[in-house]
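This report describes surface patches, aromatic pairs and salt bridges in a protein model.

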Amino acid sequence: MATGSGEESTSAIMDDYETLISTTDVELLKRAWRNEKAAPEILQYESSLVQRIKEQIELAEQNVEMFEADSIDPLTVSLYQMDLDRTQFLLRSYLRVRLQKIEEYLFHILKTDEYLNRLSKQEQMFARRCTDDLGNHLDETVLSKLPDNYQSILKQSITSEEDDMVPVPRLDTFIICKAKQYLSSIDFEPEYSTEITEMERDLLTFVCYKFIKRPLEKGKIDLV
């Protein structure tokens, strides 16, 4: 019995070690980028992570310049530059995916506090500026020439009860995900408890996105 307990303890330590070595900031950024790219809705902005990555990029740029000035081995400089380029690419891709979602669901994001609070201050400024510019453009080119009942950007007509011209994220989209730990029914939204009851660790699962929103937001699931 003691032997089994010792083996379990060793296994847990190895799992923790593997998790630790796989969660550098670059790996965390790669994970955030994958999740953002696969999710049908915009996710929470990773402000602390992005700030750390920016600082690391700045330090890496200084190191490359110093190595070049000191005539360090070109291969060493090249390796540092490759690592720098990879990190910059990931950061730009992450931010670009978010901007694309903001543009696609612009009006829905701005009228939904949950989504608006997921944006960085710069993204919020971008969204509001886009709304103003788009509204002015449509008003000057199209809306002002339509009958009064059809001059809304958000509704097909003044009689519409909802904003039926505003695109919204499709949360019923099916995605592929992988749990970072074993998940039971209590980890999922109660209203979907009959749809999904458990998820094994590291097992690829094809599932409706809205079923796994809660564990995804808590960092218990990665999208693929």
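## Charged patch

Glu 55, Glu 58, Glu 61, Glu 65 and Glu 68 form a negative surface patch. Patches consist of residues with over 30% relative accessible area and no salt bridge, with like charges joined within 9 Å and nonpolar side chains (Val, Leu, Ile, Met, Phe, Trp, Tyr) within 5 Å. Glu 58 is located in helix α3 (residues 47–69); helices are DSSP runs of H or I with at least four residues, strands are runs of E with at least two, and both are numbered from the N terminus. With 47% relative accessibility, Glu 58 counts as partly exposed; buried means under 20% relative accessible area, exposed over 50%, and partly exposed in between (1.4 Å probe, protein chains only).

The model is predicted: local features need pLDDT of at least 70, side-chain atom pairs count only at pLDDT 80 or more, and totals for chains, interfaces and linings use all residues. Residues are numbered from 1 along each chain as its sequence is written, and side-chain values use heavy atoms, leaving out hydrogens and water.

## Nonpolar patch

A nonpolar surface patch of about 530 Å² comprises Phe 174, Ile 176, Leu 204, Phe 206 and Val 224. Strands β1 (174–179) and β2 (204–208) each contribute at least two of its residues. Val 224 lies in the segment after β3 (221–223) and, at 55% relative accessibility, counts as exposed.

## Aromatic pairs

There are three aromatic pairs, defined by ring centres of Phe, Tyr and Trp (its six-membered ring) within 6.5 Å; planes under 30 degrees apart count as stacked, over 60 as edge-to-face and the rest as tilted. The ring centres of Phe 67 and Tyr 80 are 4.9 Å apart with planes at 75°, so this pair is edge-to-face. Because Phe 67 belongs to helix α3 and Tyr 80 to helix α4 (residues 74–104), the pair ties together parts 13 residues apart in sequence. Phe 67 is buried at 14% relative accessible area, whereas Tyr 80 is partly exposed at 39%.

## Salt bridges

The structure holds 15 salt bridges, each a side-chain nitrogen of Lys or Arg within 4 Å of a carboxyl oxygen of Asp or Glu. Lys 30 and Glu 27 form one of 3.4 Å, N to O; both residues lie in helix α2 (residues 25–38), three residues apart, about one turn of the helix.

In helix α8, Glu 217 and Lys 213 are four residues apart, and their salt bridge has its closest N and O atoms 3.1 Å apart. A network of salt bridges links Glu 41, Glu 114, Arg 118, Lys 213 and Glu 217.

Definitions and conventions. Areas by Shrake-Rupley, 256 points an atom, 1.4 Å probe, with all protein chains shown as cover. Lys, Arg positive; Asp, Glu negative; His and termini not counted. Charge placed at Lys NZ, Arg CZ, Asp CG, Glu CD.
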